[in-house]
Amino acid sequence: MSRFLTGKVTQYVFVIFIMLTLNFLLPRLMPGSPLAYLAGEDVGLMSASEKEAILESHGLNKSLWEQYVLYLRNIATGDFGYSYQQKMPILEIIQDRLPWTLLLTGVNLIISTVLGVLFGTISAWKRGSNKDISLLTGFMFLSAMPSFWLGMILVSIFASQLSLFPIYGAETAWSNLKGLDRVLDIAHHLVLPLTTLVLISVTNVYMTMRYSMLNVLGEDYIMMARAKGVKEKMIKYRHAMRNALLPVATVFMLSLGFMFGGATVIETVFAYPGIGRLMFEAVISRDYPVIQASFLIITLSVVIANFLADVLYPVLDPKVGRNNG
């Protein structure tokens with residue numbers, strides 16, 4: 001087991017190094033220049049020396065290698081720099097945006113996992129029945145829907161036509177609501193983006209649970225339990241469902257990693273002020289430091305979640321631990 005963990009740690013350290021390097025290079029390989037956003041509309045009227053002074057103040061006139069070393073040093077000290085566009089420390093921007101993303105994706109993770117496990121169990125237990133076919137068809141249909149299209153449909157119907165929910169934002173602007181009133185206002189704004197995200201996310205859990213449950217139902221101990229006269233409900237939930245949850249636990253851990261990245265498309269459609277929306281805005285404005293910080297948070301969270309899944313899976317399934325010992 002210790003050799004297994006040592007090997008995994010080595011692999012993930014290498015992955016993090018590659019990720020940091022790509023995080024530095026990719027924004028700089030994008031077409032366009034951040035000068036227009038650093039200097040504003042007057043960039044066309046500036047002399048070459050003035051442009052050079054602006055680039056120098058942000059360290060963009062140095063060689064790529066010097067920028068890379070400075071970037072690694074800043075990351076090691078927790079200094080993400082300043083946003084070119086918003087003119088404020090990136091850490092403050094992230095602290096403002098991250099809670100909204102965690103709220104949206106965290107609630108989605110819980111709801112989609114519970115619904116996926118429930119419907120996956122029912123579908124596998126009733127394999128081949130009309131209920132199974134209907135569920136399978138419905139979830140396959142949901143998985144084929146583009147998230148932006150589904151989001152716009154929900155906005156068109158429930159926000160624009162029926163006026164039941166707000167069209168954009170995470171809370172009512174300039175409302176100064178407090179306590180329960182603010183909680184209800186946030187929940188009201190959350191309904192449409194959360195519904196969209198759940199409908200898009202639940203299929204993965206459903207398909208994993210259904211397939212895993214079908215495999216478990218063919219095991220000898222299930223047949224033995226039926227032969228002993230164990231009640232079907234007990235076989236379904238205590239024997240079959242509990243053992244079928246192992247692959248779902250892996251899916252859950254991987255989804256946990258993407259929580260910090262939010263749902264860029266959905267946050268953009270609903271103008272939801274999360275990390276995904278922040279990254280979209282940063283790409284449009286060539287705001288290199290914000291792009292790097294957002295990408296760093298997303299990829300690090302995914303890598304850490306993968307590592308936790310590798311560590312916890314042998315605990316959940318002792319057979320894996322013995323095979324890797």
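F139 and Y206 are both buried, where buried means under 20% relative accessible area, exposed means over 50%, and partly exposed covers what lies in between, as judged with a 1.4 Å probe and protein chains only. The structure is a predicted model, in which local features need pLDDT of at least 70 and side-chain atom pairs count only at pLDDT 80 or more, while totals for chains, interfaces and linings use all residues. Residues are numbered from 1 along each chain as its sequence is written, and side-chain values use heavy atoms, with hydrogens and water left out.

**Aromatic pairs**

Rings of Phe, Tyr and Trp (for Trp, the six-membered ring) are paired if their centres lie within 6.5 Å, and the pair is stacked when the planes are under 30 degrees apart, edge-to-face when they are over 60, and tilted for the rest. By this rule there are eight aromatic pairs. One of them joins W100 and Y272, an edge-to-face pair with 6.4 Å from centre to centre and 85° between the planes. Because W100 belongs to helix 5 (residues 90-125) and Y272 to the loop between helix 11 (264-269) and helix 12 (275-284), this pair ties together parts that are 172 residues apart in sequence; the helices are DSSP runs (H or I, at least four residues), numbered from the N terminus. Both W100 and Y272 are buried. The ring centres of F139 and Y206 are 4.2 Å apart with their planes at 20°, so this pair is stacked. F139 in helix 6 (residues 130-143) and Y206 in helix 8 (residues 179-217) are 67 residues apart, and their pair links distant parts of the chain.

**Helix 8**

Although helix 8 has 39 residues, its end C-alpha atoms are only 49 Å apart, which falls short of the 57 Å that a straight helix would reach at 1.5 Å a residue; this expected span is 1.5 Å times one less than the number of residues. A kink of about 40° is found in helix 8 at V191, shortly before the proline P193, the bend being the angle between axes fitted to the seven residues ending at a residue and the seven starting there.

**Salt bridges**

A salt bridge is a side-chain nitrogen of Lys or Arg within 4 Å of a carboxyl oxygen of Asp or Glu, and by this rule the count is four.

| Pair | N to O distance |
|---|---|
| R97 and E281 | 3.0 Å |
| D132 and R210 | 3.0 Å |
| E281 and R277 | 3.0 Å |

R97 in helix 5 and E281 in helix 12 are 184 residues apart, and their pair links distant parts of the chain. R97 counts as buried at 11% relative accessibility, whereas E281, at 21%, counts as partly exposed. Since D132 lies in helix 6 and R210 in helix 8, their pair ties together parts that are 78 residues apart in sequence. D132 is buried at 3% relative accessibility, and R210 is buried at 13%. E281 and R277 both lie in helix 12, four residues apart, which is about one turn of the helix. Salt bridges with shared partners join R97, R277 and E281 into one network.

Technical notes
Helix = DSSP H or I, 4+ residues; strand = E, 2+ residues; numbered from the N terminus.
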